[in-house]
Amino acid sequence: MTVDEAARLAAKLRGEGKRIVLANGCFDLLHVGHIRYLRDARRRGDVLFVAINGDAAVARLKGPGRPLVPAAERLEMLAALRDVDHVVVFDDDTADRLLEALRPDVHAKGTDYTEATVPERATARAIGTEVVIAGDAKSHSSRDLIQAIAERFVGRPPGAS
């Protein structure tokens, strides 16, 4: 869904008394750390919106060669998870404008942040959104998976053991 569609839906759900949670990230190579983050975020409210950075934003944030998986496919995978209610793609490097549009009760960030380092902290505070750190200790990352795959298979043809 678009940001405008998500904002309209969030307003409707808020009107029904639902507690809305927003989680966001690149989700370039889905792994167990993402699942734990989203599961914990979902527990913080009634409805979980997950916002993913668009392809151009991922390239700016993560560097050359990223994203590995295009936004449409990342969206489809996240939407298939039972803890995720709605997925929206946004093109900014931070979720500030998205927070202002959706006005969630809770903004959940992964454990690679602290409450003091959340980029959208000031915006969340200004609109009355609670910032929480969700998920398990940061011991999983797409970057580490990419590096492990590269190290394991450098110089080997695909399918060779």
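Me: Which residues of the largest nonpolar core touch the most other members?
Reply: In soluble globular proteins, nonpolar side chains tend to be buried together. A nonpolar core here is a set of buried Ala, Val, Leu, Ile, Met, Phe, Trp, Tyr and Cys residues joined through side-chain atoms within 4.5 Å. Buried means under 20% relative accessible area, exposed over 50%, and partly exposed in between (1.4 Å probe, protein chains only). In this structure the largest core has 19 residues, and L22, F49, A51, L98 and L102 touch the most other members. Helices α1, α5 (96-102) and α6 (121-127) each supply at least two residues of this core, and so do strands β1, β2 and β3. The largest share, four residues, comes from α1.

Me: What should I know about the model and its numbering?
Reply: This is a predicted model: local features need pLDDT of at least 70, side-chain atom pairs count only at pLDDT 80 or more, and totals for chains, interfaces and linings use all residues. Residues are numbered from 1 along each chain as its sequence is written, and side-chain values use heavy atoms, with hydrogens and water left out.

Me: Which residues does L102 touch?
Reply: Contact means heavy atoms within 4.5 Å. Leaving out residues up to four places away in sequence, L102 touches V3, A6, A7, A10, R14, L22 and F49. There is also a second, separate core of 17 residues, which includes Y37, L38, A71 and V87.

Me: What is the strand order in the open sheet?
Reply: Strands of a sheet pair through backbone hydrogen bonds, either parallel or antiparallel. Two strands pair if DSSP finds at least two bridges between them. Helices (H or I, at least four residues) and strands (E, at least two) are DSSP runs, numbered from the N terminus. Here five strands take the order β3-β2-β1-β4-β5, with parallel pairing. β3 (86-90) and β5 (130-133) stand at the edges with a single partner strand each, so one side of each has no neighbour in the sheet. From one strand to the next, the twist averages 25°.

Me: How many bridges join β4 to β5?
Reply: Four bridges join β4 (residues 106-109) to β5, and these strands run parallel. The chain goes from β4 through α6 to β5 in a right-handed β-α-β crossover. That term means that, with the strands pointing away from the viewer, the path from the first strand over the helix to the second runs clockwise.

Me: Which strands does α1 lie across?
Reply: Axes are lines fitted to C-alpha atoms, for helices over the stretch in contact, and angles run from 0 to 180 degrees between N-to-C directions. Helix α1 (residues 3-15) lies across β1 (20-25), β2 (47-53) and β3, at about 140° to β3. Helix α4 (residues 71-79) lies across β2 and β3, at about 160° to β2.

Me: Is D28 buried or exposed?
Reply: D28 counts as buried, at 1% relative accessibility. Find D28 in the loop between β1 and α2 (32-42). Its side chain makes a polar contact with the side chain of R66 (2.5 Å). A polar contact is a pair of N or O atoms within 3.5 Å; within protein, one must be able to donate a hydrogen and the other to accept it, and residues adjacent in sequence count only if both atoms are side-chain atoms. A polar atom of the D28 side chain also lies 2.8 Å from the backbone nitrogen of L68.

Me: Where is the cis peptide bond?
Reply: Look from R66 to P67, where omega is near 5°. P67 lies in the loop between α3 (55-62) and α4.

Me: What is phi of F27?
Reply: Phi of F27 is near 50°, a positive value in a residue other than glycine. F27 sits in the loop between β1 and α2 and is buried at 4% relative accessibility. R103, also not a glycine, has a positive phi of about 50°. R103 lies in the loop between α5 and β4 and is partly exposed, with a relative accessible area of 40%.

Me: Which residues does V21 touch?
Reply: V21 is found in strand β1 and is buried, with a relative accessible area of 0%. Beyond four places in sequence, its contacts include A41, V47, F49, P104 and A108. V21 and F49 are 28 residues apart along the chain, yet their C-alpha atoms are separated by 6.1 Å.
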